[in-house]
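Take a look at the structure below.

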Amino acid sequence: MHGLVNRSLQCFLRDTYGPDLWGAVARRAGIGPDGFEAMQIYDDTLTETVLAAAAQQLAKPPEALLEDLGTYLVSLEPLRRLLRFGGVGYADFLHSLDDLQGRAQLALPDLDLPALHLVAEPGGRFALHLGGGPAGEVMARLAPPVLAGMLRAMADDYGALVLIELPEPQATPAAGAIQIDLLQARYAKGRRFHLGLPIAEATP
Amino acid sequence: MRVPIRAGASSALGAAPAALAAPPMMPPDLSQLSPELLGVLMPMFLWVDACGRVQAAGPTLRKVCGRALRPGVLLFDLIEITRPQRMTCMADLRAHGLRRLHLALRARPRTGLRGIALPLGPDSGPEPEGGMLLNLSFGLTVAEAVRDHALTDADFAPTDLTVEMLYLIEAKSAVMGELHGMNLRLERAHRSAVAEALTDPLTGLANRRALELALEAAVQAGGRSEAVPPFALAHLDLDFFKQVNDTHGHAAGDAVLIEVARILKAETRKHDLVARVGGDEFVLVLRMMNEPAAIEALGRRIVARLEAPVQLGDVAATISGSLGVVLSVDYLDPAPKRMLADADRALYTSKHQGRARVTILRPDLPPLDLLRPVAAG
């Protein structure tokens, strides 16, 4: 698993629940308190070990933690901006998810995100299929709840009203799509987005 | 408004590839290309007449130029051609042919552009009647241009990869930020590991490893041909320390060692080195010291301060110290190992003579004789 994935899990736990919680999770998972480095590749099972340790420590289902991780990722401005590049409206954004894996691979060739494929259905319904692409088994298992959290947070960002349903964990790949109901594209005032970076952020 | 634009430069564009040429078909009627349609294909096109007056421009270029782009404004008043240099008229532009141009808007913030200029109308004679069609794009400063002119996705042609490039720029910056953070973490870890490897944890003084490194550096500082900068090596062993440990316990012993370290630090200069090399053994590297009298005075001062009782709660511990010193100037080749062994010998002389003493070991003969082989028999 790419260190960026593990590190985002670590930063999510640390920023949301505090460094003490992260320390306890790291001990439980048998890794050092410094945790992960973003640009290293780790064994896939380590990601699941840390997730399971956090779920036990917080007495929460792992899926709920992963969804919160998705929301957390969108709260990071650089990442939110990258996702907003997808389009001017929420429907555009959904369609741009087909390019997400390719775009990520341009920036980080070994990130190995799952390929996404959006199918638009009548009545503002969308089915987001995951699969194929370079993602490993663990990534394919962890990705759907994280994506669902991101999709919800991005709907808030665009000011859209959506209903998002995760597939049953045991679902067959064919039925394993995330269902998105776009009830109202402009339900609330979304957050602002300009293609150009503001000057303060452009010059670190 | 439908302004026919006739691309008269078919010869300049070269013959169509064979696969496209057959079967024979009519060339496309480019007169159907209105500026509006042209603007969809090329949102940054600029059409100028034979005199260089702007006739039409694509929507993104109009947005970028703002008021400077009046109908009929001269191309060279609007835009400067920065490369190739010294292009100032339409004839220069025609002569340049179908090669890349580097340009910049004359108005601030002087946005940089790249472009190509295509001659229009009937084949150019000495006095061509046709204008030129320019297609422009942003150069390497595309991110700044997008910010300065508040451009959006809709300002780029659907085939244009500019937005992908902006995406990559930001993704790269985010990754670089992570890398930078990682470098800082590694650097901190490295520095503390180095410090730990060279420090005695109890007293914070240098340890034996740090002493060895410092001595190696000291004897190499002179270089191959030059003399080593003089230094003195002092070996200090505490007296009566074992009694403190046995009577008052190890915690008291540790407190005494910390106090000794404080005294040694206070009595030496910043560029000297004080190392703890054993339980109650210390080594001092005193740089630029070759005066036995000064060294002896320093040694006596240290012994006097060591003998001041150390208050440990209700009880006071009293120790002393013995020193053995050698000087680098007494060696033709001041090898650290040899100097340490000699300082140790000097220390034992101090101990032998009743402790609380300073012994400076000097050769009986001038240094040159140290090289002379000892005559056998």
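What follows is a short tour, grouped by topic.

This is a predicted model, in which local features need pLDDT of at least 70, side-chain atom pairs count only at pLDDT 80 or more, and totals for chains, interfaces and linings use all residues. Residues are numbered from 1 along each chain as its sequence is written, chains are lettered from A and ligands numbered from 1 in the order in which they are written, and side-chain values use heavy atoms, with hydrogens and water left out.

**Chain B overall**

- Chain B has 13 helices and 13 strands. Helices (H or I, at least four residues) and strands (E, at least two) are DSSP runs, numbered from the N terminus.
- Of its 377 residues, 40% count as buried. Buried means under 20% relative accessible area, exposed means over 50%, and partly exposed lies in between (1.4 Å probe, protein chains only).
- Among contacts in chain B with a separation of 6 or more, 58% join residues 24 or more positions apart. Contact means heavy atoms within 4.5 Å.

**Where chain B meets chain A**

- 19 residues of chain B touch 21 residues of chain A.
- The two chains bury about 1900 Å² between them, 69% of it on carbon and sulfur atoms. Buried area is the accessible area (1.4 Å probe) that two parts lose on being put together, summed over both.
- B:Arg147, B:Tyr167 and B:Glu170 supply 36% of the area that chain B buries here, more than any other three residues.
- Four salt bridges are counted between the chains. A salt bridge is a side-chain nitrogen of Lys or Arg within 4 Å of a carboxyl oxygen of Asp or Glu.
- B:Glu170 forms a salt bridge with A:Arg81 (2.7 Å, N to O).
- On the side of chain B that touches chain A, α7 (142-148) and α8 (162-198) each supply at least two residues.
- The largest share, 13 residues, comes from α8(B).
- This side of chain B holds 12 nonpolar residues, one polar and six charged. Ala, Val, Leu, Ile, Met, Phe, Trp, Tyr, Cys and Pro count as nonpolar, Asp, Glu, Lys and Arg as charged, and the others, Gly among them, as polar.

**Two helices that cross**

- In chain B, the axes of α10 (residues 241-248) and α11 (residues 250-267) come within 6 Å and cross at roughly 140 degrees. Axes are lines fitted to C-alpha atoms, for helices over the stretch in contact, and angles run from 0 to 180 degrees between N-to-C directions.
- The contact residues include B:Phe241 of α10(B) and B:Leu257 of α11(B).
- The residues of this contact divide into five nonpolar, four polar and no charged.

**Salt bridges within a chain**

- B:Arg110 pairs with B:Glu80, the closest N and O atoms being 2.6 Å apart. The pair links distant parts of the chain: B:Arg110 is in the loop between β4 and β5, B:Glu80 is in strand β3 (residues 79-83), and they are 30 residues apart.
- B:Asp342 and B:Arg345 also meet in a salt bridge (3.4 Å, N to O). Both lie in helix α13 (residues 336-352) of chain B, three residues apart, about one turn of the helix.
- B:Arg345 is exposed, at 53%.
- In chain A, a network of salt bridges links A:Glu77, A:Arg80, A:Arg84, A:Asp157 and A:Arg191.
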